[in-house]
Amino acid sequence: MARKKEKTLRQKYDAYLAARPRLACLLVGVGAFAVLVGLYLFVVFSGFGSSADFIYNQF
């Protein structure tokens with residue numbers, strides 16, 4: 001008797017999003033927005049937004 005292969009989690013996820021394209025678009029948009037907010041917060045609070053003299057004096 002042949003053993004039936006179960007779907008992997010990735011295959012289930014892909015099938016779920018293929019059936020719901022609006023949700024897939026929303027997830028991509030939220031992910032891109034989160035990355036942009038993270039980059040903004042990193043630049044603002046890390047000191048990379050400071051003057052070049054301040055950055056060079058740290059090394």
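Predicted model: local features only at pLDDT ≥ 70, side-chain atom pairs only at ≥ 80, totals over all residues.
Biologist: Okay, new topic. How many helices and strands are there?
Modeller: You'll find 3 helices and 0 strands. Going along the sequence, the pattern reads α-α-α.

Biologist: Let's take α2. How many residues does α2 have, and how far does it reach?
Modeller: Helix α2 has 26 residues. From its first C-alpha to its last, α2 reaches 37 Å, which is close to the 38 Å expected at 1.5 Å a residue.

Biologist: What comes just after α2?
Modeller: Gly47 is there, and this glycine takes a positive phi of about 95 degrees.

Biologist: How confident is the predictor overall? I mean the mean pLDDT.
Modeller: The mean pLDDT of the protein is 85, with 88% of the residues reaching 70 or more.

Biologist: Which element has the lowest mean pLDDT, and which the highest?
Modeller: Helix α3, residues 52-57, has the lowest at 72. The highest belongs to helix α2, residues 21-46, with a mean of 93.

Biologist: Switching to side chains: how many salt bridges does the structure hold?
Modeller: The structure holds 1 salt bridge.

Biologist: Which residue forms a salt bridge with Asp14?
Modeller: That would be Arg10. The closest N and O atoms of the pair are 3.1 Å apart, and a salt bridge needs a distance within 4 Å.

Biologist: Where is Asp14 found?
Modeller: Asp14 is found in helix α1, which covers residues 9-19.

Biologist: And how are Arg10 and Asp14 placed in helix α1?
Modeller: They are 4 residues apart in helix α1, so about one helical turn separates Arg10 and Asp14.

Biologist: Nice. Is Arg10 buried or exposed?
Modeller: Arg10 counts as exposed because its relative accessibility is 58%, and the cut-off for exposed is over 50%.

Biologist: What about Asp14, then? How does Asp14 count?
Modeller: Asp14 has 35% relative accessibility, so this residue counts as partly exposed. That class lies between the buried cut-off, under 20%, and the exposed one, over 50%.

Biologist: One last thing. How far apart are the C-alpha atoms of Asp14 and Ala24?
Modeller: Those two C-alpha atoms are separated by 9.6 Å. Along the chain, Asp14 and Ala24 are 10 residues apart.

How values were computed: Residues numbered from 1 in each chain as written. Heavy atoms only, no water. Helix = DSSP H or I, 4+ residues; strand = E, 2+ residues; numbered from the N terminus. Buried < 20%, exposed > 50% of the residue type's maximum accessible area, 1.4 Å probe, protein only. pLDDT = per-residue confidence, 0-100. Expected span 1.5 Å × (residues − 1).
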